[in-house]
Amino acid sequence: MVFKNKKYAIIFLLPALILTGILIYYPLFATIYYSFYNWRDFSNFRSFIGLENYKRLIEDIAVHKALLNTMIMLIAVIIFQIGIALILALLVHSISKGYKFFRTVYFFPVAISGTAIGLMFYLAYGYDYGFLNSILTSLGKEKIVWITENSALIMVLIPIIWQYVGFYFVIFLSALSKIPQDFYDSALIDGASKFHRAIYISIPLIWDVISVAISLAIVGTFKVFDIVYVITGGGPMNASQVLGTYLYNVAFTGQNQGYASTIGTLIIILGVILSIFANRVLKRDRITY
Amino acid sequence: MAKGKLSVFSILSYIVLVFWAITTIFPFLWVINNSFKSTSEILLNSLSLPKEISLKNYQQLGNYGNINMFRGFINSFIISGSVVLLVLLLSSLASFVLSRFEIKTGIIKSFFTSAMLVPAFSIVIPALVLFRKIGIGGSHLSLIITQTALNLPFAILVLSSFMTTLPKELEESALIDGANLLTILFKIIFPLSIPGIITVAIFVFLWSYNDLFMSMIFIPTRDKQPICVLLSLVSSIYGTNYGAMMAALVITIIPVIIIYMLLQEFVIRGLTAGAIKG
């Protein structure tokens with residue numbers, strides 16, 4: 001049934017439209033606008049400086065580092081997060097018992113905040129008391145300083161990857177459970193091993209879901225903030241800097257809102273490029289049985 | 001022969017699966033375990049069980065430095081509770097229109113779906129200026145309406161597709177019986193949408209409760225900050241009081257553990273649907 005009363009349509013839609021317009025679209029364009037200004041300390045005075053902030057952005061070593069780190073994260077997340085999730089899902093799909101248990105346990109970290117996960121790993125990496133060093137000590141080995149300029153990126157990547165494995169695991173598992181049993185039965189008659197069935201039946205049939213997961217992981221990587229902020233704050237020496245933490249540092253520690261807006265604009269541009277890419281993948285036809 | 005092979009494969013599978021299960025549970029058990037120990041006991045061996053279960057770490061959380069974790073708890077529930085209510089109200093009304101009215105919905109839908117892709121990083125500075133101008137800077141209200149706006153597109157997407165799948169026969173017969181639009185909305189559409197509404201509510205609650213970035217920026221004063229922000233500060237304020245940090249971590253994640261355990265099916269469904277949000 002379809003209603004035709006325009007009055008109600010407007011009354012019901014308007015609050016959501018206004019709120020989205022004022023708090024998402026207006027600030028989005030305002031950020032781009034501010035990126036052309038010299039503006040500090042949230043003062044009432046801004047001066048137009050054209051492309052100065054963009055010049056600085058292109059030359060900024062911290063931005064280079066943040067972009068490089070994001071690229072490394074993208075690759076690591078696709079290989080490890082998606083890879084581990086896929087292997088775990090294929091294994092759970094192949095066994096008969098424990099489906100619910102593994103799903104519950106694997107998904108659990110996804111519901112917890114990045115802040116809590118970050119603090120947990122920060123404590124785990126601790127020198128005197130962290131559990132990594134506790135394990136080393138109990139094995140009779142020397143303690144290690146875990147977060148250094150060389151290791152910082154890896155140390156923030158571990159929880160970032162670890163937290164969301166369960167998320168992609170659940171997506172893959174539900175895709176696998178939709179594959180009709182006949183496919184496996186006939187392969188079994190042909191003598192295919194479990195490994196072959198996974199490679200030649202399961203993976204190709206859920207390939208569209210895997211590509212959706214990859215594009216979600218890519219978009220998600222650009223939103224990384226909490227874990228990095230809590231464990232290293234982007235340091236030492238920008239070693240684990242990402243665009244979000246750098247924007248925060250510039251805008252609220254450095255009190256330079258003009259330049260921070262330029263970083264915000266860079267994030268918007270990257271987001272648009274990525275969402276076009278993600279949409280292409282997402283819009284592909286799903287396999288139906 | 002084939003059977004023997006299969007069981008070796010299964011055993012190996014279980015070993016790998018159990019190993020990953022341990023990695024997801026062990027860090028939490030380690031934190032809970034150490035939250036009952038004194039800092040000196042943690043330093044001695046953080047892997048051992050506590051000699052006696054002491055609640056001393058938890059007793060400090062009410063007042064340490066200028067942080068009151070329990071106050072943060074209350075703030076979190078004020079903020080996240082309001083966000084959930086507002087999002088549900090606005091999104092269910094909008095979803096009703098998008099799923100049931102004869103209007104061109106294409107533009108409106110893409111208005112919301114595009115908004116979903118906007119990262120918080122790109123809107124906070126102008127939003128902050130706006131709030132200062134209208135005199136609500138630093139208040140719970142400023143955070144509540146921003147989080148509401150950022151959650152609305154997702155909620156509308158999930159709820160409108162849920163409502164579209166609801167059967168239309170009930171409404172048609174109600175209409176013939178002379179029911180008006182509001183009666184249909186409150187007596188038929190909303191009750192039938194409850195599973196979708198619960199999913200959205202849990203997701204929005206978790207997302208708001210777990211949000212650090214905006215909470216930190218919008219609310220500068222300690223006594224008004226939600227628990228997540230206070231948790232991000234404990235390592236600098238508690239210094240070497242590791243026991244208290246562990247306890248702070250535990251109480252922050254307790255509500256999430258409870259929600260997750262009770263409503264797991266909805267949480268998994270909601271966060272999978274929320275995937276598009278990233």
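1. A salt bridge is taken here as a side-chain nitrogen of Lys or Arg within 4 Å of a carboxyl oxygen of Asp or Glu. In this predicted model, A:Glu52 forms such a salt bridge with A:Lys55, the closest N and O atoms being 3.5 Å apart. Both A:Glu52 and A:Lys55 belong to helix H2 of chain A (residues 52-59), where they are three residues apart, about one turn of the helix.

2. Over all chains the structure holds four salt bridges, and the rule finds two across the interface of chain A and chain B. One pairing to inspect joins the side chains of A:Arg103 and B:Glu265, which meet in a salt bridge at 2.5 Å, N to O.

3. On the interface between the two chains, 90 residues of chain A are in contact with 97 residues of chain B. The area buried between chain A and chain B is about 8600 Å², and carbon and sulfur atoms give 80% of that area.

4. On the side of H4(A) the contact involves A:Arg103, A:Thr104, A:Phe107, A:Phe108 and A:Ala111, which meet B:Val256, B:Ile257 and B:Tyr260 in H13(B). By class, this contact of H4(A) with H13(B) has six nonpolar, one polar and one charged residues. A:Arg103, listed in that contact, is also the residue whose side chain meets B:Glu265 in a salt bridge.

5. Within chain B, helix H5 (residues 106-116) and helix H7 (residues 140-164) have axes that come within 8 Å and cross at roughly 130 degrees. That angle makes H5(B) oblique to H7(B), and H5(B) passes H7(B) in a left-handed crossing. The contact is made by B:Lys109, B:Phe112, B:Thr113, B:Ala115 and B:Met116 of H5(B), together with B:Pro153, B:Phe154, B:Ile156, B:Leu157 and B:Ser160 of H7(B). Sorted by class, the residues of this contact of H5(B) with H7(B) are seven nonpolar, two polar and one charged.

6. Also in chain B, helix H9 (residues 181-192) and helix H10 (residues 194-210) pack at an angle of about 60 degrees, with their axes 5 Å apart. H9(B) and H10(B) are therefore oblique to each other. From H9(B) the residues B:Phe190, B:Pro191 and B:Leu192 meet B:Ile194, B:Pro195 and B:Ile197 of H10(B), and the residues of this contact divide into six nonpolar, no polar and no charged.

7. Most residues other than glycine have a negative phi, and most peptide bonds are trans. The peptide bond from A:Gly235 to A:Pro236, however, is cis, with omega near -15 degrees, and A:Pro236 lies in the loop between helix H11 (226-231) and helix H12 (243-253) of chain A. A:Met237, which lies in the loop between H11 and H12 of chain A, has a phi near 55 degrees, a positive value in a residue other than glycine.

Definitions and conventions: Residues numbered from 1 in each chain as written. Chains lettered and ligands numbered in written order. Predicted model: local features only at pLDDT ≥ 70, side-chain atom pairs only at ≥ 80, totals over all residues. Heavy atoms only, no water. Contact = heavy atoms within 4.5 Å. Helix = DSSP H or I, 4+ residues; strand = E, 2+ residues; numbered from the N terminus. Nonpolar A, V, L, I, M, F, W, Y, C, P; charged D, E, K, R; others polar. Buried area = accessible area lost by both parts, 1.4 Å probe. Axes fitted to C-alpha atoms, helices over the stretch in contact; angles between N-to-C directions. Parallel < 35°, antiparallel > 145°, perpendicular 65-115°, else oblique. Left-handed = near helix turned anticlockwise from the far one by under 90°.
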